Amino acid sequence: MFTYTLRRLAFSVPLLIAISLVIFLLIDLAPNDPTANLPLSIPPETREELRKGLGLDAPSHVRYLLWCKQFFVNEPLNLLDWVTGGESDRLRVQSWSAHAPVVDLIAERLPQTLWVVGLSLVIGAVIALPLAILSARHQYGRIDQIGTFITMVGFSVPSFFLGVLMIIVFSVKLGWFPSIYDTTHRVTDWHSLTIQLRQMVMPVTVLSVFNAAQFSRYMRASMLETLHKDFVRTARAKGMTERRVLFGHVLRHAMIPVVTVVSLAIPQVFAGAIVTEQVFRVNGLGTLLIAGIQSGDVPLVQTLAFLFAVLIVLFNLLADIAYGLLDPRIRYD
Amino acid sequence: MTGNQGGMRCLTGGIVLSMLPALACAEQGASGHLNILYWQAPTILNPYLSSGPKDIEPASLVLEPLARYDETGTLTPWLAADIPTLENGGISEGLTSITWTLRPGLTWSDGTNVTAQDVVFTAKYCMTPDGGCQQATKFSDVTSVEALDDLTVRLTFAAPKPFPYGPLVGVETPILQKAQFEGCIGANAQSCTAQNTAPIGTGPFRVTEFRAGDVVTFEANPQYRDPDKPGFATVTIKGGGDAIGAARTVLETGEMDYAWNLQVDPAILDKMAAGGTGQIIRSFGTPVERLMINRTDPSPSLGDLRSTRDGGAHPFLTDPAVLGALSIAIDRSVVAELGYGAAGKPTCDILPAPAIYASSANDACLTQDLDRARQMLEDAGWVDSDGDGVREKDGGRLSVLFQTSTNPVRQDTQALLKSWWAEIGIETELRQIDPSVFFGGDPGSPDTFQKFYADIQMFTNFFPGTDPEAYLNNWTCKSIPTPANNWLGFNIPRYCDPEYDALAAQLAQTADLKDRAALARRMNDMLMQAGALIPLVHRGDVSAISNTLQGVKMNSWDSELWNIADWTRADEPR
């Protein structure tokens with residue numbers, strides 16, 4: 001298992017470098033201009049100067065290598081300096097629209113994204129697990145029918161609709177929850193915690209509904225498949241209690257495909273929830289990415305997309321390792 | 001008890017300075033907290049590095065210019081003691097220099113004095129190459145900036161400058177503190193993150209926290225020159241979401257006090273305004289949604305000469321009858337009402353404001369007249385001889401390619417115009433281009449508005465401030481985009497008339513405001529009568545304010561937040 005992990009990790013390095021090149025080329029070849037959003041009153045000569053100032057007059061390969069140097073060499077060294085308390089003035093990856101280091105922008109956005117999107121993943125899983133077990137146990141029973149209906153609604157209602165609907169009902173009509181997420185709010189005591197929870201209710205609910213629907217459908221299908229396996233019949237024939245059969249034999253086996261779904265959902269937590277963040281003004285990583293794309297902020301988009309790629313590669317690896325732990329038949333070495 | 005005392009002091013103040021509105025003279029910070037929503041969130045607070053209103057308007061809470069425009073478009077001294085003119089000797093006889101005098105006793109929010117050196121430094125900051133200064137054109141003619149004494153600064157121009165109020169005036173070019181920005185000159189400007197996100201200013205507020213693209217918080221500046229202002233102690237400018245959601249937070253949930261730039265479907269906006277917590281405010285600046293007519297031939301067969309004057313004139317879009325018919329077939333009030341509601345006024349001028357520049361010579365086009373349009377085409381020999389609904393003459397068909405940027409309002413307008421033009425026998429093919437490509441100016445792309453590989457295109461342009469000289473210069477012969485100048489230039493219709501160029505040169509030599517206005521109106525009329533541009537809608541700015549907020553004076557000539565020091569919270573909703 002250990003050598004397998006090492007081998008996979010080593011293989012990730014060329015893969016990630018190839019990904020970074022593909023991302024760069026995609027953004028670079030797309031028709032895009034960071035000065036496009038400026039007011040028309042800014043004359044073309046000034047725009048030309050601005051593009052030059054951003055380094056856009058350099059050839060593509062030079063810009064790519066510069067980004068690589070800033071991201072792979074300067075940023076880690078700066079982090080090291082920061083940890084050890086030293087001063088550093090190496091050139092960092094700078095956002096073109098904010099004129100600030102991209103990594104700082106990401107660090108600023110991470111807390112709210114982790115809180116809202118991360119919590120919705122956990123809540124989604126907590127709802128999905130019992131719902132799926134009950135649905136599968138009593139297939140076509142009442143719980144299954146209701147569960148299927150709810151998950152289908154959760155799947156098919158888009159978050160921009162559900163989000164706005166919730167704002168109209170709970171913010172405009174009832175006035176229970178704020179429609180704006182205050183990122184500067186600090187939790188210091190019980191009262192401020194309730195404020196934090198209140199502002200998280202709506203965005204977390206919208207995202208949880210979708211996550212719960214997705215997870216429970218996978219889980220239910222996987223449970224149903226396992227329930228009809230021979231080893232389950234054997235277990236029942238041996239006179240095991242239903243509880244033992246369900247949790248000891250079926251669930252562990254049924255978790256294997258679900259692990260893939262969940263572990264690939266985790267990197268998406270870091271990608272933020274573009275639509276939901278926009279609706280509730282959470283301004284997390286999702287809105288950062290969209291704003292970067294809209295303003296042609298190449299270093300920002302490049303860095304964010306690459307970090308997502310790293311997370312996806314990493315969690316794919318973790319999923320494969322988790323397979324090995326869950327399924328004794330899988331041995332990598 | 002304390003509230004009472006504040007009221008007493010306020011009353012006496014009100015008697016002494018009866019010019020001031022009575023409510024503007026409460027104690028500093030007495031109104032508490034103010035929530036403002038800029039749905040396009042600010043990403044930087046240095047107007048020299050970002051010219052978008054989303055950045056420069058929040059910056060105006062902190063940074064102030066020498067003079068700015070009030071809500072009527074009148075130049076008002078701000079950090080300067082008065083406006084320099086020829087009469088008071090502030091502008092030299094030859095119109096080549098302007099001398100500003102600062103108000104005495106001004107301090108930065110860190111307590112140090114504002115001096116002429118700061119003003120000189122600010123000009124130098126923008127004029128240093130490689131600094132990426134987006135306001136560089138404002139300083140393009142400036143040859144020297146020198147401090148005559150601690151409070152006096154003289155700017156010298158390379159040529160006579162009849163309107164010298166460009167540099168260091170208005171929301172785009174405020175004064176920076178030399179001590180803070182000294183290390184940020186030239187190429188260093190981009191990496192001065194701390195300075196660019198929390199500039200030290202003279203304004204009513206100072207930055208307490210800045211999160212790019214998310215939220216900025218401010219607190220009242222204790223060093224502000226008027227000890228009774230600002231009315232609010234703290235301000236939050238939040239960003240994110242879209243315009244509809246922004247309107248909802250003011251008009252329906254009441255969470256926000258002010259929401260900026262609400263270009264939304266007027267029907268939705270009016271419905272929200274019935275919510276009862278706020279109201280919509282509007283003001284009209286200079287933006288005009290217009291059609292640009294390609295006077296050169298865009299046909300692909302011309303290769304590199306497409307849409308250039310070398311490629312020859314357009315087969316029919318220089319014919320006054322066709323241009324007149326195109327214009328008069330449009331019902332501008334329907335276009336304005338459908339797309340912009342109360343924030344749009346039908347217009348027949350490319351220069352509809354400020355009022356002294358507005359011509360009334362072209363108002364005939366305000367009324368749609370399809371019969372007359374048909375008659376004009378008929379008289380000019382354009383007839384539908386083969387019965388396909390499209391007029392022809394000498395083998396040419398009246399068929400146009402009409403392009404614009406992707407935007408729901410623009411697509412509605414396109415569809416409307418197409419149906420009217422179909423009624424008078426002109427065939428229209430519609431095309432929409434992604435805004436970042438259309439406005440992107442990439443010389444490699446065939447779809448930019450400068451290349452104009454189409455017959456007609458539509459977008460909005462405007463000019464900042466109140467002086468139209470630079471704007472009118474856009475239609476001189478030398479501003480035509482061509483392959484030789486890498487398609488730079490704003491003379492999109494490729495209009496070229498030596499007489500117009502002569503008027504532009506005359507405008508550059510005229511200092512008297514009335515004469516300037518007369519010239520500007522003549523230039524506007526020439527453009528309109530040539531049919532180079534067909535104006536459609538004079539667009540206004542739309543914002544929403546809470547019913548409890550008072551003192552707001554919506555301003556299209558400067559920052560919308562220009563007088564935020566005077567804003568206060570009403571005890572009773574208005």
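Author: Two residues count as in contact here if their C-beta atoms, placed from the backbone, lie within 7 Å. The model is predicted.

Start with A:Val282. This residue sits in a loop of chain A, between α10 (274-280) and α11 (285-294). Is A:Val282 buried or exposed? A:Val282 is buried, because 30 other C-beta atoms lie within 10 Å and 20 or more are enough for that label.

Which residues does A:Val282 touch, leaving aside those up to four places away in sequence? They are A:Gln112, A:Val116, A:Tyr181, A:Pro203 and A:Glu277. Take A:Pro203 from that list. A:Pro203 and A:Val282 are 79 residues apart along the chain, yet 8.3 Å separates their C-alpha atoms.

Now the chain contacts. On chain A, 41 residues meet 47 residues of chain B. Several elements of chain B each supply at least two residues to its side of this contact: α5 (193-197), β7 (205-211), β8 (215-220), β9 (234-239), α6 (243-251) and α12 (435-438). By class, that side of chain B has 25 polar, twelve nonpolar and ten charged residues.

Last, confidence. For the complex, the predictor gives an ipTM of 0.82 and a pTM of 0.81. Chain B has an average pLDDT of 88, and 95% of its residues score at least 70. Residues 1-25 of chain B are another matter: their pLDDT is below 50. This stretch still has 16 contacts in the model beyond near neighbours in sequence. Where pLDDT is low, predicted coordinates should not be read in detail.

Key: Residues are numbered from 1 along each chain as its sequence is written. Chains are lettered from A and ligands numbered from 1 in the order in which they are written. This is a predicted model: local features need pLDDT of at least 70, side-chain atom pairs count only at pLDDT 80 or more; totals for chains, interfaces and linings use all residues. Helices (H or I, at least four residues) and strands (E, at least two) are DSSP runs, numbered from the N terminus. A residue is buried if 20 or more other C-beta atoms lie within 10 Å of its own, exposed if 12 or fewer, and partly exposed in between; C-beta atoms are placed from the backbone. Ala, Val, Leu, Ile, Met, Phe, Trp, Tyr, Cys and Pro count as nonpolar, Asp, Glu, Lys and Arg as charged, and the others, Gly among them, as polar. pLDDT is the predictor's confidence in each residue, from 0 to 100.
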